[in-house]
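Subject: Structure handover

Hello,

Please find the structure below, followed by notes on what was found in it.

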Amino acid sequence: MMQKFAPLTKLLLTLFITLWSIMLQSMTALGLLIAGQLLLLVASQVRATVYKGIASLLLFAALLAGIQLALSGDTTLAITTALKMTAMTLVFFILLATTRMQDLSIALVSQCRVPHEYAFMLTAALRFIPDFLNESKAIQEAQACRGYRSQGNPLKRLTAYAAILKPLVLKAVSRSETMALSLELRGFANRRMSSFRSRVVLTARDYAAVMVMTGLSVFILNFC
Amino acid sequence: MLECCSVDFSYKAQTQAIQQVSLTIHAGEFLAIAGRNGSGKTTLTRLLMALRKPTSGDILLHGTSTKPYSPADMAHHIGYVFQNPDRQIFRDTVFSEVSYGPEQLGYSPEQIQAYTQEALAVTGLSALAGAYPSTLSRGQKQRLAIASALAMQPALLILDEPTSGQDAQECQKLLALLNKLHAQGKTILLITHDMEILAHHAQRVIVMDHGRKGFDGSPAELFQHEDLAAWGLSAPSAFTISRSVAAFGIRQTCLMEPLIRELSQKLRRKP
Amino acid sequence: MSAITVQNFSYAYQHPHKVLDHITLHVESGSFTALLGPSGAGKTSLCLAVAGAIPHYFGGSLSGTVTVGGTVTTDSSMPELACTVGSVLQDYEIQLVTMTVEEEIAFSLENQGMSEADIARCTRETLAAVGLTGYEKAEVASLSGGQKQRLAIGSVLAANPSVLVLDEPSSALDPEGTATLYQLLGALNKQRGLTILVVEHNITQLLPYADQFILLDQGKVVQAGSPETVLTTMWTKSITPEALPPLWQLKLSLEAQTGCKLAAWRNEQEAIDELMAVLAKEARHYA
């Protein structure tokens, strides 16, 4: 369902939910915000991998609550913090799971006036996270075959990690250069963006959604 | 020296990557593994190196299970040369890059010095010992990776498609190096798609086919095998041509040189 | 008509180290041309010069001209040249920037400013041309190496260029994948009249398709011409003779040792047919 909204609307949703998560203090309200977001995800029929990501997010939130509790001894504070973090992060899952990266980039460029290159960098970065992880794994394996071990005290581990980090950074740099070149070769710098814009243009549905979000913000500001 | 006993392996949530593979690698062999991309060649060598552990079956090193071993433990016995040397080069000079392995394995400073120098000499990189590795050519980087493996004094060298993307001169140089190492007593295991290399250099070939061992035998036997095409392989030109003209008394061969000799004898105009 | 004309072209990424040194050559429209030569000969740089990335992307110093489709590259821009020259880099995976197959093709078309309706049609046609019909919704990451490469080819073909440049396209493919790739390139060349310029170490793969070889060494053109001319030069002048296809080592050795003249073999079958005929004649002669 979320796929039907324009990327800009979803960007605004992200912004608003982040705001609400900061403003809201009651556990019930935060709980409702989280429940609402989960409902949106279900209604949007996102892929199973998204839920896996959310599961690890919840685990992390629980961990955060535990640390908070141990440090302050304040149960309410601990739970509220964890809920806030969950509410804030969930919305990014909605945004990323229901928006084509390219559309997001175009919305950032044409509607948020973010420079073309920066917007593309953001989306391309997301696209290459899996590649990056694979590369890091391959390098770890290559160094393991040369006797690399992650053992000893943290300082030792850190210095040993140079064997992984250096090739990884070099590779990432050279790949990003190649990518920039390949984009130029594919005419990316072409500024005729007509076909880009038509797909991200706002419809009545989007305006309605933005108004609902604004209204809710006002509501939270006044009554919570 | 290395033995796979009914090894099964699967990456999580995927079909079997390796199914019931049994094989023995003998000391001093020049062995090649061939097969399609995705047939399990690299997975198999990863298992040998203990980068992956069999889901069932076992891999024995000199008769002992390698289950408790890490890749770093295996590095004493196996030098693994990956396809992309850029994934391992991280030090400032060629010399210190090569000495990383023996340092990690805990050799004495004198040994590290000696092993590094020896590895650089045999790979023809001694003159570049002080060079910054990033400035090396592709072929030189490949040899640097081989030197890095050799410096750890392994008995077996595994090379994953070392000739792909290299020009003909570099390939020749590399194969000459492998032959030299083989003559010095190293066991060589080469993953390759190149049937000419198989014909010229390998004593024995293992073909992987959908995670199973499809073939284990000599190159000459392989090229005659009826399933050759089904494994995504084709015989070298010399073999196909010599077989086609066998009726004219030309002997069957995998190599071009004897075929040229025989054909030119037949065709040489006599006065 | 000439698709690519390089006129006395020299180039250095950093002066004075010339990677291309007084290159002059022509590539006819509709030809299948292969760039040969050892690593560091300047093959990749020449490809980049044809695509305009040299000098538009890399800067550096140059003299002479590269003309593609009637336009001098220095008088044009890379996006404009992208409509004439499609480039597939050696690291083609990095060229793929979207999540799904159809988005990848659409991305190229969007860069051209094509309307949405045309994009859908053109995406369909392009995927069919590179044999990826049915993979529209597939994730790029889930494709095999060969499929990713076909997608990279499709993504540049979508811009409807008249020249396709590929840098060592087979280096990560297995023999079957390589054969399939060259079948595809051969078909694009014959059926669409696409001019193809390819860098390749494995000459055997090129023989059935290429009509022009250009041999480079140390930034200079050693020889350009028909495959037969160039391979014969490599043999007689002993320029990287180890790179000669085994088939041609046989042909040229036999010609040298027996004085007979054999055809310019493009595949094993042609060699077998001719050798059988010659051997049969010899046998009759002595019978």
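Leaving aside its neighbours within four places in sequence, which residues is C:Leu197 in contact with? Contact here means that the C-beta atoms of two residues, placed from the backbone, lie within 7 Å. By that rule C:Leu197 is in contact with C:Ile4, C:Val27, C:Thr33, C:Leu35, C:Cys47, C:Val50, C:Val163 and C:Val165.

Before the rest, a note on the source. This is a predicted model, in which local features need pLDDT of at least 70 and side-chain atom pairs count only at pLDDT 80 or more, while totals for chains, interfaces and linings use all residues. Residues are numbered from 1 along each chain as its sequence is written, and chains are lettered from A and ligands numbered from 1 in the order in which they are written.

Cores

C:Leu197 is also among the residues with the most contacts inside the largest nonpolar core, together with B:Ile158 and C:Val50. That core has 175 residues. A second, separate core has 19 residues, including A:Ile17, A:Val46, A:Ala65 and A:Val91. A nonpolar core is a set of buried Ala, Val, Leu, Ile, Met, Phe, Trp, Tyr and Cys residues joined through C-beta atoms within 7 Å. A residue is buried if 20 or more other C-beta atoms lie within 10 Å of its own, exposed if 12 or fewer, and partly exposed in between, with C-beta atoms placed from the backbone.

Chain C

The secondary structure of chain C consists of 11 helices and 10 strands. Helices (H or I, at least four residues) and strands (E, at least two) are DSSP runs, numbered from the N terminus. Of the 287 residues in chain C, 49% are buried. Its C-alpha atoms fill a box of roughly 75 × 50 × 30 Å along the principal axes. Among contacts in chain C with a separation of 6 or more, 64% are between residues 24 or more positions apart.

Which way do the residues of strand 6 (residues 85-88) of chain C point? C:Val85 and C:Ser87 point one way, C:Gly86 and C:Val88 point the other way, and all are buried. In a regular strand the side chains alternate between the two faces of the sheet. Strand 6 of chain C runs parallel to strand 7 (residues 163-167) of chain C, and four bridges join them; two strands pair if DSSP finds at least two bridges between them.

Chain C is divided into domain 1 (2-237) and domain 2 (245-287), with bounds that come from an automatic or database domain assignment. The C-alpha centres of these two domains of chain C lie 34 Å apart. Their contact takes nine residues from domain 1 and seven residues from domain 2. On the domain 1 side, helix 8 (203-206) and helix 9 (227-236) of chain C each supply at least two residues. Helix 9 of chain C gives the largest share of that side, five residues.

Chain C against chain B

How many residues does each chain give to the contact between chain C and chain B? Chain C gives 35 residues and chain B gives 35 residues. On the chain C side, helix 7 (175-192), helix 10 (246-258) and helix 11 (268-286) each supply at least two residues. Helix 11 of chain C gives the most, with nine residues.

Chain B

Chain B has 10 helices and 10 strands. Of its 271 residues, 48% count as buried. Helix 3 (residues 94-104) of chain B is mostly covered, with eight of its 11 residues buried. Among them are B:Phe95, B:Val98 and B:Tyr100. The cover over the buried residues of this helix includes helix 4 (109-122) and helix 5 (138-150) of chain B. After helix 3 of chain B comes B:Gly106, whose phi is positive, near 85 degrees.

Regards
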